[in-house]
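The note below is meant for a colleague who is opening this entry without having seen it before. Please keep the sequence and the structure in view while going through the numbered points.

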There are 2 protein chains.
Amino acid sequence: MAKRAQEKQDTLFVGSLEKGLRIMAAFNAHRTELGLTELAEVVGLDKSAAQRFTNTLHKTGYLEKDPESRRFRPSLKFMELAAAYLWSDPFVQLAMPKLIDLSRDLGERVNAARLAGSDIIYVIRIPTQLTSFAAMVVGNKVQALSSSSGRIMLAHMSEEERQLALETWPIDRITPRTVTDRSQIAREVEEAGQQGYGIAVNQNIINEIGIAAPVFDRMGRVAGTVQCSVSSQKWSLDRVHNEIAPRLMEVANSINLLR
Amino acid sequence: MAKRAQEKQDTLFVGSLEKGLRIMAAFNAHRTELGLTELAEVVGLDKSAAQRFTNTLHKTGYLEKDPESRRFRPSLKFMELAAAYLWSDPFVQLAMPKLIDLSRDLGERVNAARLAGSDIIYVIRIPTQLTSFAAMVVGNKVQALSSSSGRIMLAHMSEEERQLALETWPIDRITPRTVTDRSQIAREVEEAGQQGYGIAVNQNIINEIGIAAPVFDRMGRVAGTVQCSVSSQKWSLDRVHNEIAPRLMEVANSINLLR
DNA sequence: TTGCTTGTATTATTATTTAATACTTTTTAT
DNA sequence: ATAAAAAGTATTAAATAATAATACAAGCAA
């Protein structure tokens with residue numbers, strides 16, 4: 001309340017809503033089911049508050065509650081929200097049919113991603129090959145610096161933005177091969193800029209090569225990427241450059257975000 | 001406040017949160033971008049309230065605001081919530097790899113759906129053929145009575161539940177061929193129960209045949225469906241019954257929701 | 001330009017949220 | 001099997017934080 005008082009005599013900010021949202025956002029890949037006290041800890045609320053908000057979220061249908069364990073889970077309403085997003089995003093609408101075609105042509109997993117803070121979020125996923133569940137989940141987040149999509153996005157930022165990102169955005173080691181050296185990443189980004197598309201090898205999943213081409217908005221900024229993930233067992237880097245990258249670039253360029 | 005007072009001296013219910021959620025839920029396929037007053041109308045709040053909640057949602061990153069038009073759109077956070085749901089749902093986790101296989105075998109669009117109220121919501125979509133955008137959107141909702149998935153779900157409900165659903169759940173005419181006669185739907189549901197899978201022809205998209213097989217939870221209730229959508233130009237009903245339905249049933253049966 | 005609609009800012013009022021606490025049930029450890 | 005601890009639920013008095021009315025500013029249409 002010390003903290004809140006200092007920055008929020010803003011009567012246009014409804015703290016209760018924000019706290020409720022924090023509860024919703026507490027759920028993720030690692031926290032799929034949470035009890036009351038657990039939730040309170042994670043979100044940083046006292047038990048009473050957690051009680052009120054979970055109760056409200058439950059009554060409004062946003063959280064399921066297992067009557068046995070009394071633990072909470074996200075409900076299908078979370079999926080409805082995603083649908084609302086997808087309908088609202090012109091990039092998604094335009095990219096979708098082209099990605100389906102591309103996926104059939106290549107026979108490989110094709111995705112579309114957008115930047116959110118220091119992460120990229122997959123907004124379209126068209127799986128064709130079995131891999132980890134994470135690689136199939138719509139809405140999944142990956143640190144930008146370790147992804148092909150993030151790297152080509154960085155390459156198209158202003159010098160300052162890019163510098164800042166390279167210096168400050170998080171780099172957790174996901175696989176043993178994740179590059180954590182920032183100057184090394186800077187080089188990868190530079191290379192991406194030169195060739196026009198980003199590449200990431202073994203960064204998030206071992207034996208996986210990611211390739212990402214940028215789609216620009218009317219301002220000339222990168223709206224998102226068209227991305228493809230392939231197995232390095234099956235594809236050499238050479239073949240990726242020669243056969244996949246050009247197709248991705250072609251598709252990316254064909255997506256025209258006029259308005 | 002008359003209404004609120006009568007039912008909610010419940011101090012465990014946070015009205016502000018609920019109103020904020022209503023704002024979020026105002027966005028859908030038809031309402032992709034909303035101004036302040038528009039939002040206020042849709043959600044049933046006065047302008048002041050709409051102002052406070054949109055402001056909060058914007059500051060917390062859940063709504064984007066176009067600086068030009070000052071209209072609001074859902075943000076990528078909506079997608080993150082979806083990811084949280086997907087990770088939390090064992091049905092999704094188990095179904096995903098099997099659906100990918102199935103999709104490759106059949107070369108047709110394969111989905112998984114769950115029931116939410118009187119609608120089914122698609123939780124997995126694996127598009128392989130171009131169709132309407134609606135048929136590709138994860139989280140999209142379809143009235144249960146007009147979908148193959150909904151029909152097989154109904155078939156496995158208790159007599160009372162089914163009766164109630166058949167009598168009260170909404171049936172909007174989506175295509176000219178949408179069946180709006182409830183006794184006709186009752187027959188379709190009955191047939192679904194007998195053959196073990198649901199069928200819907202031209203119900204949501206013309207020239208589309210939907211086929212859905214049920215996946216049961218440990219309680220013997222339908223947890224969700226494995227569904228396939230094909231073009232009636234390409235597939236006869238006979239072939240659907242002989243070639244697709246058995247494969248769907250097989251896959252559905254192989255998904256074992258023990259815990 | 002004028003009038004009309006939509007969005008923004010400010011404020012006093014009070015209804016609503018808060019957090020403390022006691023109670024109940026479930027789980028864990030002895 | 002029993003006791004102790006932890007987790008969830010219910011109740012309440014206090015006051016903070018949300019409310020809604022209103023005035024102001026900025027866009028848009030006629």
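**Notes on the structure**

1. Ser148(A) has its place in helix α7 of chain A, residues 148–155, where helices (H or I, at least four residues) and strands (E, at least two) are DSSP runs numbered from the N terminus. The model is a predicted one, in which local features need pLDDT of at least 70 and side-chain atom pairs count only at pLDDT 80 or more, whereas totals for chains, interfaces and linings use all residues. Residues are numbered from 1 along each chain as its sequence is written, chains are lettered from A and ligands numbered from 1 in the order in which they are written, and side-chain values use heavy atoms, with hydrogens and water left out.

2. Is Ser148(A) buried or exposed? Ser148(A) is buried, with a relative accessible area of 2%; here buried means under 20% relative accessible area, exposed over 50%, and partly exposed in between, with a 1.4 Å probe and protein chains only. Its side chain makes a polar contact of 3.3 Å with the side chain of Gln227(A). A polar contact is a pair of N or O atoms within 3.5 Å; within protein, one must be able to donate a hydrogen and the other to accept it, and residues adjacent in sequence count only if both atoms are side-chain atoms. When neighbours within four places in sequence are left aside, Ser148(A) is in contact (heavy atoms within 4.5 Å) with residues including Gly198(A), Ile211(A) and Gln227(A).

3. Ala245(A), which is found in helix α10 (residues 237–254) of chain A, is buried, with a relative accessible area of 1%. Leaving aside neighbours within four places in sequence, the residues in contact with Ala245(A) are Tyr197(A), Ile211(A) and Val240(A). Ala245(A) and Gly196(A) are 49 residues apart in sequence, and their C-alpha atoms are 9.1 Å apart in space.

4. For chain A as a whole, there are 10 helices and 8 strands, and the C-alpha trace spans about 60 × 40 × 40 Å along its principal axes. Of the 259 residues in chain A, 52% are buried. Among contacts in chain A between residues at least 6 apart in sequence, 51% join residues at least 24 apart.

5. How many residues of chain A are in contact with chain B? There are 68 residues of chain A in contact with 68 residues of chain B. The area buried between the two chains is about 6,200 Å², of which carbon and sulfur atoms give 76%; buried area is the accessible area (1.4 Å probe) that two parts lose on being put together, summed over both. Met79(A), Trp87(A) and Phe133(A) supply 13% of the area that chain A buries against chain B, more than any other three residues.

6. Between chain A and chain B the count is 4 salt bridges, a salt bridge being a side-chain nitrogen of Lys or Arg within 4 Å of a carboxyl oxygen of Asp or Glu. Lys141(B) forms a salt bridge with Glu80(A), the closest N and O atoms being 3.0 Å apart. The largest share of the side of chain A that touches chain B comes from α5(A), with 11 residues. That side divides into 40 nonpolar, 16 polar and 12 charged residues, with Ala, Val, Leu, Ile, Met, Phe, Trp, Tyr, Cys and Pro counted as nonpolar, Asp, Glu, Lys and Arg as charged, and the others, Gly among them, as polar.

7. DNA strand D is surrounded by 21 residues, the closest being Gly15(A), Thr37(A), Lys47(A), Lys19(B) and Arg52(B). Sugar and phosphate account for 60% of the atoms of DNA strand D that come within 4 Å of the protein. A backbone N or O atom of Thr37(A) lies 2.7 Å from a phosphate oxygen of DNA strand D, while a polar side-chain atom of Lys47(A) lies 2.8 Å from a base nitrogen. On chain B, a polar side-chain atom of Thr11(B) lies 3.3 Å from a base oxygen of DNA strand D. A residue counts as near a molecule or strand if one of its heavy atoms lies within 4 Å of it, and α4(B) gives the most to the surface near DNA strand D, with 3 residues.
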